Amino acid sequence: MRVLSGIQPTGRFHWGNYFGAIQQYIELQQQHDGYYFIADLHALTTVRDAELLRQYKRDAALDLLALGLDPAKAVLFNQSDVPEVSQLTWILMTCTPMGLLERCHAYKDKVSRGLNADAGLFTYPVLMAADILAYDSNLVPVGQDQVQHIEVCRDLASSFNHQYGETFVLPEARLLSTSAKVPGTDGEKMSKSYNNTIELFEEPKALRKKIMRIATDSRPMEDAKDPETDHLYLLFKLFGAPDQVAAMAELYGKGGFGYGEIKKQLADAAENYYAEARQRRQEFASRPDTVKDILADGARRARLQATNVLTRVQDACGISKPF
Ligand code: ADP
Ligand code: TRP
């Protein structure tokens, strides 16, 4: 079973990205043939600064490797290092009804906010379909917001197969665990777009500062509180050991505690949780050539697969072998 997913390098990864996506990619690499890529071509629709994009790409690779994405188990690569995907995108585009893309939410949301959308954003789901189909992927782990794009991918693959004969493998979406909808510093869903994120490898001092600024409710300290409705507790639950989490739930049930103490415990737990990964990240950062080699090897392996699929597609639609 081939599992594939991409993550955009549009900023430093935060706790939401980790618990909502990256942690699950790493688990999936144990039982499946994993293909994971840094979606830099998709990021071009939002990051318009070359040096910043290069930095985000470096950070993404270092973060993924530090967190345990293992190049011996999974293929890790940059999206743009596989030009076959862009070639496949064009072919798929010729089979894509405009109406299908007009219904896609990234484009629709932008237009409904009165903003100008470019053709890159409009055709974004076709590039995503090519990402998936180029590797004969079976399973695509994604968050709820991407399910529509997997449907588009299936539609395009089926209509191509219908027109030209069986060519593409139809992928299935695998919804990433929704129990991990990580709250941000304001209690809303953590997201770069809401400016409420806590980055995985934030400097320890800055990390504590951010945690201390997490919004808390204004009920009297002595009141008992339902922990499951409190975002500070929900964050602690992600990092604390089970006995620590149980003790904290009890504390909420009794009331009479201060949020400052909880925040301190959260900061300690989060620091401890990522301590090993932070160490590994430093090691990778001090060996940029090793990281470059890992990505180059990933791209080589990904291209072998994508070339195979592209040839099949070109044969099917008449691009190849005119004589
Ligand atoms: P952002 O909202 O910060 O821009 P992305 O949309 O780039 O994040 O998300 C990348 C991946 O991380 C997606 O699979 C998404 O579902 C997951 N993710 C992002 N934020 C959260 C969150 N707060 N809780 C759970 N998963 C999240
Ligand atoms: N569009 C996805 C996101 O924003 C990233 C992505 C690009 C992707 N290509 C993909 C995810 C292919 C899964 C499969 O999160």
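Modeller: A pocket is an open set of grid points where a 1.4 Å probe fits, with protein on both sides within 12 Å along at least five of seven lines. The model is a predicted one.

Colleague: How much space lies in the second largest pocket?

Modeller: Of its 13 lining residues, R58, P288, V291, K292 and L295 are the closest to the centre of the second largest pocket. By class, this lining has 8 nonpolar, 1 polar and 4 charged residues. The space in the second largest pocket is about 260 Å³.

Colleague: Which element gives the largest share of the lining of the second largest pocket?

Modeller: Two or more residues come from each of α3 (50–67), α13 (275–285) and α14 (288–317). The largest share, 5 residues, belongs to α14.

Colleague: In which pocket does ligand 2 sit?

Modeller: A molecule sits in a pocket if more than half of its atoms lie within 2 Å of the grid points of that pocket. By this criterion, the place of ligand 2 is the largest pocket.

Colleague: How far is a polar side-chain atom of Y124 from a nitrogen atom of ligand 2?

Modeller: Among the 14 residues around ligand 2, Q8, H42, Y124, D131 and Q146 come nearest. For D131, a polar side-chain atom lies 2.8 Å from a nitrogen atom of the ligand. For Y124, the corresponding distance to a nitrogen atom of ligand 2 is 2.6 Å.

Definitions and conventions. Residues are numbered from 1 along each chain as its sequence is written. Chains are lettered from A and ligands numbered from 1 in the order in which they are written. This is a predicted model: local features need pLDDT of at least 70, side-chain atom pairs count only at pLDDT 80 or more; totals for chains, interfaces and linings use all residues. Side-chain values use heavy atoms; hydrogens and water are left out. A residue is near a molecule or strand if one of its heavy atoms lies within 4 Å of it. A polar contact is a pair of N or O atoms within 3.5 Å; within protein, one must be able to donate a hydrogen and the other to accept it, and residues adjacent in sequence count only if both atoms are side-chain atoms. On a 1 Å grid over the protein atoms alone, a cavity is a set of points where a 1.4 Å probe fits but cannot get out, and a pocket is an open set with protein on both sides within 12 Å along at least five of seven lines; lining residues have an atom within 4 Å of a point. Grid points are joined across faces, edges and corners, and a volume is the space filled by probe spheres set on the points. Helices (H or I, at least four residues) and strands (E, at least two) are DSSP runs, numbered from the N terminus. Ala, Val, Leu, Ile, Met, Phe, Trp, Tyr, Cys and Pro count as nonpolar, Asp, Glu, Lys and Arg as charged, and the others, Gly among them, as polar.
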